[in-house]
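Before reading the questions below, please look over the sequence and the structure. Each answer sets a value against a definition and then draws the conclusion.

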Amino acid sequence: MRARTEALALLAGSGTADFALRLAQVALPLVILRETGSVAATGLVGGAAGVPVLLSPWWARKARQWVDSGPRLAVVAAVSAIALASVPAAAALGVLSPALLVMSGLLLGFGDALAAPGRAALLADTGDRWGDGRAVMLLTWQDGLRRVGMLVGPSVGALAVGFGFTNELLWTEAAAVLAAGLLACTVQPERTVGVATEPPSIRGSLQGRRDVLYGWIVRGTGCVTWFAFTLGLSVLGEERGRPGVYLAAGMTGYGVGSLLGTAISLAVVRRTNPVLTAVAAWGWSGLCWVGMGLWTTPPVVALTGALSGVAVVIGIAAISVLITRSSAGAERRALLAGQSVVVNAGSAAGLLAGGPIIGAVGAAPSLVGAGLVTSGVAVLILVRCQTAGHAGDHHVGRAA
């Protein structure tokens with residue numbers, strides 16, 4: 001019963017904070033633009049926040065192991081809440097500046113590099129205490145709540161902004177992050193007394209877990225090529241005189257599909273080989289992007305977006321199975337941190353290269369090319385799994 005209560009507290013905090021983030025994403029650029037008058041400054045917080053996350057394999061090796069309980073997670077949340085609150089506070093005082101935005105972003109990045117894998121590891125550990133298979137279930141529910149926020153949050157945020165609530169949404173996000181930390185305070189650590197050991201590195205934690213590495217490769221490839229979906233559909237709408245229509249169709253379809261995927265993913269990954277499921281999921285998602293590029297009409301984009309959303313969520317759940325069944329404690333936190341780095345680094349690299357690629361070859365060819373690359377990498381990993389005999393990796397069946 002205690003494990004269930006702790007899990008619900010962690011999920012409630014995570015879902016609330018993420019929904020508040022979606023609301024604030026609509027308001028933040030408007031507040032910055034209004035106060036600084038600079039379009040370039042609108043991306044400073046997000047850009048600066050990505051730096052500590054990308055560098056976390058070098059600086060966070062020991063720090064992420066410190067976040068092994070609810071109270072410690074709450075400390076990190078409090079620091080993040082202060083960073084978030086600094087922007088609306090400075091705006092209210094009329095002292096918002098690019099330097100302050102960068103400092104706020106860096107502080108947020110440090111907090112996210114510790115809090116995201118820390119919360120996921122606590123949730124998985126709580127699931128282990130709750131019962132067999134609960135760790136993957138809780139991680140999947142957490143991802144599902146995040147996707148609900150992605151689908152509904154921006155619309156609610158836009159409505160609130162329309163009524164004149166901009167700074168208020170930023171204060172709401174800071175309060176939600178702090179509340180999420182306080183909700184986690186009931187989760188206590190399960191520390192064992194023993195000889196002090198060096199915290200495991202991300203690379204060290206991958207030793208003997210080649211299936212996890214395979215999952216990261218296909219997921220990381222999908223993150224790199226994600227630009228073709230978001231930037232590509234935006235440009236496509238502009239090119240065809242229907243700005244926003246293609247992106248709205250694709251994102252709506254993807255959001256609905258991802259919610260459906262959340263509902264069925266546990267049933268799928270419990271009955272299939274996780275590494276092969278992850279590979280097949282991103283291979284299928286790549287084919288969906290090819291379909292978008294070849295038949296670029298809003299209905300087709302919405303349908304293929306939905307099919308991609310279903311596949312990606314199942315793939316993420318499959319990788320969660322690989323991690324939670326084969327690791328616990330410090331190694332699990334290192335693996336979850338490594339996964340966060342893969343996702344953030346891949347997305348950042350894709351967005352950096354995406355604009356020039358789309359400018360050179362066009363939006364529709366970029367979708368086709370990105371889809372072929374994603375599916376091609378999935379096929380190569382599938383062949384590698386079969387030839388190396390890792391389709392049934394020895395870690396897959398081991399309890400965490």
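Predicted model: local features only at pLDDT ≥ 70, side-chain atom pairs only at ≥ 80, totals over all residues.

Residues are numbered from 1 along each chain as its sequence is written, and side-chain values use heavy atoms, with hydrogens and water left out.

Q: What makes α5 oblique to α14?
A: Helix α5 (residues 98–130) packs on helix α14 (residues 329–361) at an angle of about 135°, with the axes 9 Å apart. Axes here are lines fitted to C-alpha atoms, for helices over the stretch in contact, and the angles run from 0 to 180 degrees between N-to-C directions. Angles under 35 degrees count as roughly parallel, over 145 as roughly antiparallel, 65 to 115 as roughly perpendicular and the rest as oblique, so α5 is called oblique to α14. The helices themselves are DSSP runs (H or I, at least four residues), numbered from the N terminus, and strands are runs of E of at least two.

Q: Which residues of α5 and α14 meet?
A: Contact means heavy atoms within 4.5 Å, and on this basis Pro-117, Ala-120, Ala-121, Ala-124, Asp-125 and Asp-128 in α5 meet Gly-329, Arg-332, Arg-333, Leu-336 and Ala-337 in α14. By class, this contact of α5 with α14 has 6 nonpolar, 1 polar and 4 charged residues, where Ala, Val, Leu, Ile, Met, Phe, Trp, Tyr, Cys and Pro count as nonpolar, Asp, Glu, Lys and Arg as charged, and the others, Gly among them, as polar.

Q: Why is α9 called roughly antiparallel to α13?
A: The angle at which α9 packs on helix α13 (residues 298–326) is about 155°, and their axes are 9 Å apart. That angle makes α9 roughly antiparallel to α13. In this packing, Asp-211, Val-212, Gly-215, Trp-216 and Arg-219 in α9 meet Ile-316, Ile-319, Leu-322 and Ile-323 in α13, and by class the contact has 6 nonpolar, 1 polar and 2 charged residues.

Q: How do you know that Asp-128 forms a salt bridge with Arg-332?
A: A salt bridge is a side-chain nitrogen of Lys or Arg within 4 Å of a carboxyl oxygen of Asp or Glu, and the closest N and O atoms of Asp-128 and Arg-332 are 2.9 Å apart. The pair links distant parts of the chain, with Asp-128 in helix α5 and Arg-332 in helix α14, 204 residues apart.

Q: What makes the pairing of Glu-331 with Arg-209 a salt bridge?
A: The closest N and O atoms of Glu-331 and Arg-209 are 2.8 Å apart, and the pair forms a salt bridge. This pair also links distant parts of the chain: Glu-331 lies in helix α14 and Arg-209 in the loop between α8 (202–205) and α9 (210–224), 122 residues apart. At 31% relative accessibility, Glu-331 counts as partly exposed, while Arg-209, with a relative accessible area of 3%, is buried.

Q: How many salt bridges does a search of the whole structure find?
A: The search finds 9 salt bridges. Among them is the one between Asp-68 and Arg-72, whose closest N and O atoms are 3.4 Å apart. Asp-68 is buried, with a relative accessible area of 12%, and Arg-72 is partly exposed at 24%.

Q: What makes Thr-166 buried or exposed?
A: With a relative accessible area of 6%, Thr-166 is buried. Thr-166 has its place in the loop between α6 and α7 (167–183), and, leaving aside neighbours within four places in sequence, Thr-166 is in contact with Ala-27, Val-31, Arg-34 and Val-161.

Key:
Buried < 20%, exposed > 50% of the residue type's maximum accessible area, 1.4 Å probe, protein only.
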